[in-house]
Amino acid sequence: MQYFMQLVISGVAIGAIYGLIAMGFAVIYKSTGLVNFAQGEMTMITAYIAWTISTTVSGNVFVVTFGAILAAIVLGLVIERIVMRPMLGEPVFATVMVTIGLAVILRSSINFIWDAYPHGLDVGFGRSIVRIGSIGVRTGQIAVIVTLLALLAAIWAFFRYSKIGVAMRAVAADDRTALLMGISATRVHALAWAASSVIAGIGGVFFALSYDLSPAMFQLGLKAFPATILGGLDAVLGSGLGGLLIGITENLAGGYVGSGMKEVAGFAMIIVVLMIRPFGIFGERDIERV
Amino acid sequence: MMKYLATASLLLAGMYLSTGPTLAADPGITDTEIVIGDVEPLTGPPALLGVAASIGHKIAIAEANNAGGINGRKIKYVLEDDGYVTARTIQGVKKVIDVDKAFAMLGISGSGQSIAVMPLLEKSGIPTVIDVAPVKFLWEPPRKNVFVVGQSYEEGIIHLVNYLAEKNPGKKWGLITQDDDYGITVRDGFDTVVKARKLNVVYSGNYKKGQQDFSSDMLQLKESGAEVFLAGGIIGENIAMMKELEKLNIKPVVGIFWPGRVEPVLKLMGPAGDGIYAVDYVEPFAGPAGKAFLEKAKGLLPEAEIKGINRYSMTGYAAAKVLISAIERCGKQPTWACTISELEKTRNVETGIMAPISFGPGVRFSNQKLQIMQSEFSTLSFKPVN
């Protein structure tokens, strides 16, 4: 039982990181109808900026958090304004290819701006180990689980009750009608990119806290993408939960079947789920597949 | 008519004889310059080794240039990035040979990439010294123009496992490897010793390249009761494994391989990285040879590049020294044929950072002497052990 519990707890912890990044995918898809293949790279850049702040400005957790969120907002807005907005009205395929190009540029920028060495993000928090019986968990892992749950609640409330959230849903449902109702689609898109960058960036910062920063970190996007497909490409909350499911499934497969199955299990799971619900567990029926 | 033809032939023959060596000179060499090419991963995670190796090459080249160059010719270093993508390595090598007209080559990227460009190197005939990822295919069978400085991955693992087995008799063993050619080589070396010494292997895992979370793998290792663990990751993987072991509150005897024997890794592992055994054929930076190498580098390269130095800088430096010394021995008019011949005559070349380097007729592999080291968290360094 202890073995099972340790697998589940570790799975939930890594799954929460996948979930946050998956939510980033879903926020952009929900608002713009676009799959952002540079999500993993944006996550990585935010984490590297957080590390830079911690080593050059201050290692205080609040300073790093504030700085990282601000940087993620700027990153999201800049990408939306300079790269994505000119692509408005262009074929979806071309726009998706632009995000792939963006991913390559951001990935390469790590070596140009920083270096290829792994780095530890030290903010005086997150690395200590809490033991419950013989089960060990890092404080950073506890924090990411709590953060994911808090964000799930906050985002639900945002889309349900806030004016901007309702506007984003309106643009997602029918951007022309939304425009006639006085909603600026470009503003909604910009907000979506900024929000997506922040949510995924939080995932990246927590990953750096619990594990390390390295130029391989962009691969988190590849793990989070199945999570968002599983939860529903247009379901922000579903994507978060999809991350948890993928994390737990991976760990149980790795623990009970074998190491090799760990990376396969999540993908096997989405194949099965998509055969039954092609739009994901929490997704809506008529989404455009890219 | 015949008279004119005969006169013209004589004139041409005379011109050829008087300027023969210049006309026959191989690419990449002028009166003032000699071009050495290299292709390395300078972007992406493997840049950790590619950048460091290129820094090693630059140190040796700067050292030679400061001393007047190779018989008066300054060395121009042409470096291409392949991003650890084999297709780009092939493209890069073609560019260095055909466009940049390199006289000789150093490098080249990872083991798979070096293997992939071998037909190209052989066909071109360019003198090449490989130093980054020594695998048997690169020197077996020996190729006329390709030389390898280092030690084979398999021998390295055999040496390490033998050492750990002698120090830990009767213990239970665990192993995890990457699912690629690097992992297969590590596993082959491990299996050789397991068979010879009849080791009791209780855990054997295989992870997918790029895996970042090792919680279930290390939990399996713990459940197996392994007391000696060969961590077959490279950099980030080994860090993640050590941290998981710390979280699980177990501390087996751990061995790692030289691609992961990079000092900054110890800082990231924290106390969990203390006492790890590693095998290598270059000197540790904590020793006098390592310190002298760093001092030398400081005088030759900018501060930003000094930060990128690791063990691969030492292997790169050694290979470049051997190549430069061979070209130098060819005198004022070096050619590919002479350089290859002089490389073959390399005997006990001292680099100060590894055992003396030698090649020979039909011997294209320097077969460096191995040593075992142990990590020390308090000083963030590796130190040789007996």
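A:Arg107 sits over the face of A:Phe218, 4.2 Å from the ring centre. A charge counts as over a ring when NZ of Lys or CZ of Arg is within 6 Å of the ring centre and within 35 degrees of the ring normal. This is a predicted model, where local features need pLDDT of at least 70, side-chain atom pairs count only at pLDDT 80 or more, and totals for chains, interfaces and linings use all residues. Residues are numbered from 1 along each chain as its sequence is written, chains are lettered from A and ligands numbered from 1 in the order written, and side-chain values use heavy atoms, with hydrogens and water left out.

**Charge over ring, chain B**
- B:Arg143 lies over the face of B:Phe137, at 4.7 Å from the ring centre.

**Aromatic pairs**
- Over all chains, there are 20 aromatic pairs (Phe, Tyr or six-membered Trp rings with centres within 6.5 Å; planes under 30 degrees apart are stacked, over 60 edge-to-face, the rest tilted).
- A:Phe25 and A:Phe225 make a tilted pair, because their planes are at 55° with ring centres 5.3 Å apart.
- That pair ties together distant parts of chain A, 200 residues apart: A:Phe25 is in helix H1 (residues 2-32) and A:Phe225 in helix H9 (residues 220-231). Helices here are DSSP runs (H or I, at least four residues), numbered from the N terminus.
- A:Phe25 is buried at 4% relative accessibility, while A:Phe225 is partly exposed at 23%. Buried means under 20% relative accessible area, exposed over 50%, and partly exposed in between (1.4 Å probe, protein chains only).

**Rings in chain B**
- B:Phe285 and B:Phe293 are tilted too, 6.4 Å centre to centre with 45° between the planes, and both are buried.
- Ring pairs join B:Tyr153, B:Tyr182, B:Phe257, B:Trp258 and B:Tyr281 into a cluster.

Definitions and conventions:
Helices (H or I, at least four residues) and strands (E, at least two) are DSSP runs, numbered from the N terminus.
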